[in-house]
Amino acid sequence: NANLKPEESDTKSFGVVLTPGFLKGFIAQIDYFDITLDKTIGTLPPATILSDCAVNNNPVTCGLINRGAGTGILFGAGTVGLFNTNLGSRRREGVDFDANYKIDLGDVGAEGAGGFSLGFVGTYLMTSFENPVPGTAAFDYDCLGLFGVVCGTPQFKWRHTLRGTWMSPWDIDFSVNWRHLGSASLDVNVDNPTFNAAVAGVCPDTPCHDTTDGKINAFDYFDVSFDWTVSEHVAIRGGVNNVFDKDPPIVDSNNLGISSPPFGNANTYPVVYDSLGREVFIALSTRF
């Protein structure tokens with residue numbers, strides 16, 4: 001798209017760093033952020049393009065619809081162009097939490113046992129606002145805690161990782177990592193004109209009341225890994241991600257197109273969940 005223009009953003013943020021003297025080795029940081037992005041570069045969901053053209057006769061979205069040659073048929077012969085374009089605005093507001101604690105095990109009576117560290121990173125999302133169609137106030141919506149036809153990948157209210165690492169005295173570190181993803185609900189089940197219009201004519205009810213795909217429960221993944229400094233020139237690292245081989249959530253991709261591209265693939269959201277299940281990895285690095 002030769003007419004693309006740069007995105008513009010306005011960011012407000014502030015935070016505090018805590019290093020309490022009574023807790024040696026502990027540091028925490030709390031940051032508030034409020035980011036508004038205008039002229040966002042991306043593609044509109046096909047359902048939004050069709051709905052906006054039909055309801056608002058928007059020349060921008062109507063220009064992306066190509067009916068079948070000769071017949072004028074849209075479904076079965078026509079196409080909807082998903083070109084990158086300058087969309088409307090997007091706003092994300094929330095709080096980031098980052099805490100780290102490191103201790104020498106000798107300080108707690110375990111002489112010669114090495115050290116131990118904990119690292120925590122979490123995000124509490126308060127706003128996930130979208131207005132993808134420029135100048136169309138009817139398409140204002142908040143995707144906080146939602147996923148689906150319009151919102152795409154899940155917008156979790158809360159997510160975090162917690163990693164514990166034992167730094168052994170033998171130049172090898174062992175880690176256990178906990179990844180938590182909050183729950184999310186299907187957007188077209190919410191009584192919102194934008195969401196309802198996206199599946200008009202497909203769902204018999206308004207809102208949709210799709211109980212099968214109505215909610216993705218919270219997910220927890222556990223990973224283990226090691227880092228071994230064999231010598232000054234050789235290091236080996238390896239581990240297992242998703243130790244318990246937890247399957248990703250399965251949602252519709254054909255009827256309503258909940259997990260269809262560009263947001264999802266193969267009936268799930270592979271950019272969010274571990275679509276391949278358990279993964280084992282090992283790597284060797286050398287330097288001279």
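How many disulfides does the structure hold?

A: The structure holds three, a disulfide being a pair of cysteine sulfur atoms within 2.5 Å. Bear in mind that this is a predicted model, where local features need pLDDT of at least 70, side-chain atom pairs count only at pLDDT 80 or more, and totals for chains, interfaces and linings use all residues. Residues are numbered from 1 along each chain as its sequence is written, and side-chain values use heavy atoms, with hydrogens and water left out.

Number the bonded cysteines of the protein chain in sequence order and the pairing reads 1-2, 3-4, 5-6. Let's take the links in turn.

C53 and C62 have their sulfur atoms 2.0 Å apart, and with 105° about the S-S bond this link is right-handed. C53 is buried at 17% relative accessible area (buried means under 20%, exposed over 50%, partly exposed in between, with a 1.4 Å probe and protein chains only).

For C143 and C151, the sulfur atoms are again put at 2.0 Å apart. The torsion about their S-S bond is about -85°, so this disulfide is left-handed. C143 is buried, with a relative accessible area of 2%, and C151 is buried too, at 9%.

That leaves C203 and C208, with sulfur atoms 1.7 Å apart. Here the torsion about the S-S bond is about -50°, so the link is left-handed. Both C203 and C208 are buried.
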